[in-house]
Amino acid sequence: MTFRKSIYVPLQQRLSTERGSVVRLTFAEIEQTLGRKLPASAHKFSAWWGNEASMKVGHTQAKAWMNAGFRAHASIKDRVVEFRRLD
């Protein structure tokens, strides 16, 4: 079995270095962190930013921010995400 590193690890690493309780990033800033464009669904559907990290659901992106200790709250209209630290 080959382990493949998630493309969202750079986001997890960035969030892991943050000290505040809220980190606000634009989609463009997230794309810069990832070194690639977000998928079209991230720009269209708030569900893409859901906080469900189950492997059955397949939200590997959520696993990245949740492993860093955050939950995502996205505004598709404003193209911004607030990552709020888990209590």
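Which residue just after H4 takes a positive phi? Keep that in mind while we walk through the model; the answer comes at the H4 stop.

**Before you start**

What you have open is a predicted model, in which local features need pLDDT of at least 70 and side-chain atom pairs count only at pLDDT 80 or more, while totals for chains, interfaces and linings use all residues. Residues are numbered from 1 along each chain as its sequence is written, and side-chain values use heavy atoms, with hydrogens and water left out.

**Stop 1: the whole chain**

Helices (H or I, at least four residues) and strands (E, at least two) are DSSP runs, numbered from the N terminus. Starting at that end, the order of elements is α-β-α-α-α-β-β. Of the 87 residues, 32% count as buried; buried means under 20% relative accessible area, exposed over 50%, and partly exposed in between (1.4 Å probe, protein chains only). Among contacts (heavy atoms within 4.5 Å) with a separation of 6 or more, 47% come from residues 24 or more positions apart.

**Stop 2: the sheet**

Now select strands E1 (22–26), E2 (70–75) and E3 (80–85). The three make an open sheet in the order E1-E3-E2, with antiparallel pairing. E1 and E2 stand at the edges with a single partner strand each, so one side of each has no neighbour in the sheet. On average, neighbouring strands are turned by 20° against each other, direction ignored.

Two strands pair if DSSP finds at least two bridges between them. Here, five bridges join E1 to E3, and six join E2 to E3.

- Phe83 in E3, which has Ala72 opposite.
- Arg85 in E3, which has Phe70 opposite.

**Stop 3: the loop between E2 and E3**

Zoom in on Arg79, in the loop between E2 and E3. The hairpin of these strands has four residues between them. Phi of Arg79 is near 55°, a positive value in a residue other than glycine. Most residues other than glycine have a negative phi. Is Arg79 buried or partly exposed? At 41% relative accessibility, Arg79 counts as partly exposed.

**Stop 4: helix H2**

Select residues 27–34, which are helix H2, and pick out the buried ones: Phe27, Ile30, Glu31, Thr33 and Leu34. Seen down the axis of H2, these fall within an arc of 160°, so they line one face of the helix. The arc is that of the directions from the helix axis to the C-beta atoms. An α-helix has 3.6 residues a turn, so residues three or four places apart point the same way.

What lies over that face? The cover on the buried residues of H2 includes helix H1 (9–17), helix H3 (40–44) and strands E1, E2 and E3.

**Stop 5: where H1 meets H2**

H1 and H2 pack at an angle of about 110°, with their axes 8 Å apart. Axes are lines fitted to C-alpha atoms, for helices over the stretch in contact, and angles run from 0 to 180 degrees between N-to-C directions. That makes H1 roughly perpendicular to H2, a label for angles of 65 to 115 degrees; under 35 counts as roughly parallel, over 145 as roughly antiparallel and the rest as oblique.

To display the contact, select Pro10, Leu11 and Arg14 of H1 together with Glu29, Ile30, Thr33 and Leu34 of H2. These residues divide into four nonpolar, one polar and two charged. In this scheme Ala, Val, Leu, Ile, Met, Phe, Trp, Tyr, Cys and Pro are nonpolar, Asp, Glu, Lys and Arg are charged, and the others, Gly among them, are polar.

**Stop 6: helix H4**

Finally, select helix H4, residues 60–67, whose buried residues are Gln61, Ala62, Ala64 and Trp65. They cover an arc of only 150° around the axis, which puts them on the same side of H4. H1, E2 and E3 are among the elements that cover them. H4 itself lies across E2 and E3, running at about 125° to E2.

And the opening question? Step just beyond H4 to Gly69, which takes a positive phi of about 95°.
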